[in-house]
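Reader: Hi! I'm new to this one, could you walk me through it?
Author: Happy to, here it is.
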Amino acid sequence: MRQALLAAAAFALAISPAIAQDKPAAAAKPAASKKSAKSAAAPVEEKDAATLEFEKFRAKMIEEGNPAELFEAQGEEMWKTKRGPKNVSLAESCDLGLGVGVVKGAYVQMPRYFADAGKVMDAERRVVWCMVEKQGFKEADLHAKPFASGTYTPEQTSIVTFVAGHSRDMKFAVPLKDPHVKDVYEIGKEVVKHRAGPYDFSCNTCHGADGKRIRMQQLPNISTQKGAAMAVLGWPGYRMTGNVMLTHQWRMGDCFRQQRFPEPKYASDTVTALLTYMTANANGVTYTGPGIKR
Amino acid sequence: MKNTARISLVAMAMIAAAPAALADSDHRAKALAMMKQDFVTKGQATADRIFEDGLQTICNRTGNKPPEGITKQLEKDQMAGVKYPVDGKLLGDWKEGEKIAQSGRGFTWTDEPGLPVGGNCYNCHQIAPKETSFGTVGPSLFHFGKLRGNTADMQKYVYSKIYNAKSYNLCSEMPRFGHVGALKPEQIRHLVALLLDPESPVNK
Amino acid sequence: MDILRRTVLKGASASGVLAAALTAGLLKPTQVLAMEWNKAAFEAKDTPAAMKAVGAASAADSKDLKLNAPDIAENGAVVPVDVTSTIPNTLSIAVFIDKNPYPLSAAFNFANGAMADVALRLKMGQTSIVRAVAKTSDGKYFTASKEVKVTAGGCGG
Amino acid sequence: MGSPMKVRAQMKGDFADIKILMSHPMETGQRKDPKTNQTIPAVFIQQFTVEVGGKVVVQSETGTSISTNPVFGFKVKGAKAGDKVVVKWQDNKGDSRTDEATVA
């Protein structure tokens, strides 16, 4: 660590790199034949046939029937029913940005700025906010076990799935013209660059360039419209592993887990910033509704 | 990591005092403040991991393109921290290396602390031809030794590259496996064997 | 009521009775559901035994029986499979997974206009042959099969 | 009572395309609870029927290798828009469920 500190200091003060000259010189990188890399690579194209196959059958499954629809139906019931300590329904109290009770098209226009909360919020965060502020549920309870596991599905997950289902076949249109949203978008752009943790990973380590894979998994480049669309489409998603319904909030947390980062708090500003960055980059792309995931 | 965090805060403070051209953008500052507030410890993934160490700060500040003038020296500093096996042998058992290369475990909040950490190699690299599920974040390493030879220099290069990839490329995407204690010297030399041993399937 | 059950999985001769019974509305759905489940077939531990238990021990390959399944399943827990028979007078279709602990997965009986065409999703423990067996009204059995690879995945999702 | 199903039926040319989503754990009896290391008992749908316009068109028996939250698709000739579709299932523990839809 001492070297790193010295290095940082050297850089920060823009002084001569002569500092630390007492350190032994780095071993010279042995010469390697430059042309080797290309000729050595075994065919990669073959693998992508498997990916195409997965995509084909996923599309077929969504068309024929995605269990996510079961959660949409449950969410719709919850949206319409008077619930919580205040005994009001979300349908008569919750504004997802297009007016109280308006669900159609709301998902593809979030994250957006909500003046009543004084914050930019993504769909899940907004639903939770409404459940707390309008229905009187305790925030701590909703935050305690926010994601599905086993046979348990949080209520907000089903509600978000219902909300998302009502933006099916509509285009993403995160209101970037709103300066609040734009500001959060720019913060998100910085979050994805932030390298830290034991492996020096940032979001961009995996998701900042085209055509990369981890094992067989395609890594969308979230800085492009196409890549961002790949990352945003399909959430919330019915996950075949474990048969659970999971939200985009959950996926952000799992990214950080694999990045060897600590856990982002549920419904936090950082996660909203990330979702704002990714979803706005996908603006103009048609949302295909709740998806199906591996 | 605690120590790292403290030092990196010092480093950040120093950088903050740097000339205007190097100053944080408004949004980067906001992002750092936000992350500081929003991340919590879970399992072995402690909240302080969100802080950068000195090297990460430099790479983050410069978009992974540190000024040429200082890069070489900083790489040398990284190289200086590379520790070699006590017996000096850099070529281990490629079969053990393959096992380490396969495992992607370690350091996440769902990993049991204390269990062996994997090399994560196949996550990003093509290596032995038998494993067809490999990533492409890093270059293919198939035929690595066959094309480059199994010389003492090459062994030292591969060893130190795995130990601390930043010794050769300051802002390399590759983790510093030895430097952060993910892999022990004995494990790294098994990986050296996987890449260089003429008997390794990589070189068949 | 046993007549219907035997017809679905076993009956070589009762098919006409079934169709007649269904058409006449003699069998109420509640009665159908009250029927005995073919325990012997569903608890058979290998495909030959399971096929024997449904009466399909000797089934001939047929090009008119189509089994559509992925070459590689993205997730063995959810493998989408379609079976379509264009063999005239197909009465029922059963699906087997050779390497599963209990190969017989499902059996469908069609009547009153239902086409011999079913889409379903299977759980597969490992790479295996998936097999469809169709039975016609004259008591003949036909089969089609396909290998589906089940791979361990990468590191995420 | 089980959780609601989702049944959709739509005319496509001369047949009704029927899609059924069932909400059921379909426990195989092969899994162990990671916490207790006890085998989780099998709970699975054993039989279901599909009726269109009051007639049984599909009768099915199922085992443990049907995916959790089962999805089935059938095609029925002779059906017409407005026909009632009724799906009933019953599992090995005696639980059952009936849901309806109308052919669109």
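Author: First, a word on records: UniProt positions are given in the numbering used here, feature names are shortened, and annotations may be inferred rather than shown by experiment. This is a predicted model, where local features need pLDDT of at least 70, side-chain atom pairs count only at pLDDT 80 or more, and totals for chains, interfaces and linings use all residues. Residues are numbered from 1 along each chain as its sequence is written, while chains are lettered from A in the order in which they are written.
Reader: Thanks! Which residues of chain D does UniProt list for a domain?
Author: An unreviewed UniProt entry lists residues 7-101 of chain D as "domain: Sulphur oxidation protein SoxZ".
Reader: How much helix and strand is in residues 7-101 of chain D?
Author: That stretch is 0% helix and 53% strand, and its end C-alpha atoms are 6 Å apart. Helices (H or I, at least four residues) and strands (E, at least two) are DSSP runs, numbered from the N terminus.
Reader: What is the strand order in the open sheet?
Author: The six strands run β2(C)-β4(C)-β7(C)-β5(D)-β2(D)-β1(D), with antiparallel pairing. Two strands pair if DSSP finds at least two bridges between them.
Reader: And which are the edge strands?
Author: β2 (65-68) of chain C and β1 (6-12) of chain D, each pairing on one side only.
Reader: How many bridges join β7 of chain C to β5 of chain D?
Author: Three, between residues 114-122 of chain C and residues 71-77 of chain D. Within β5(D), V76(D) is the bridge partner of A114(C).
Reader: New topic: is R215(A) buried or exposed?
Author: R215(A) is buried (under 20% relative accessible area; exposed is over 50%, partly exposed in between, with a 1.4 Å probe and protein chains only), at 9%. R215(A) sits in the loop between β4 (212-214) and β5 (217-219) of chain A.

Methods. Side-chain values use heavy atoms; hydrogens and water are left out.
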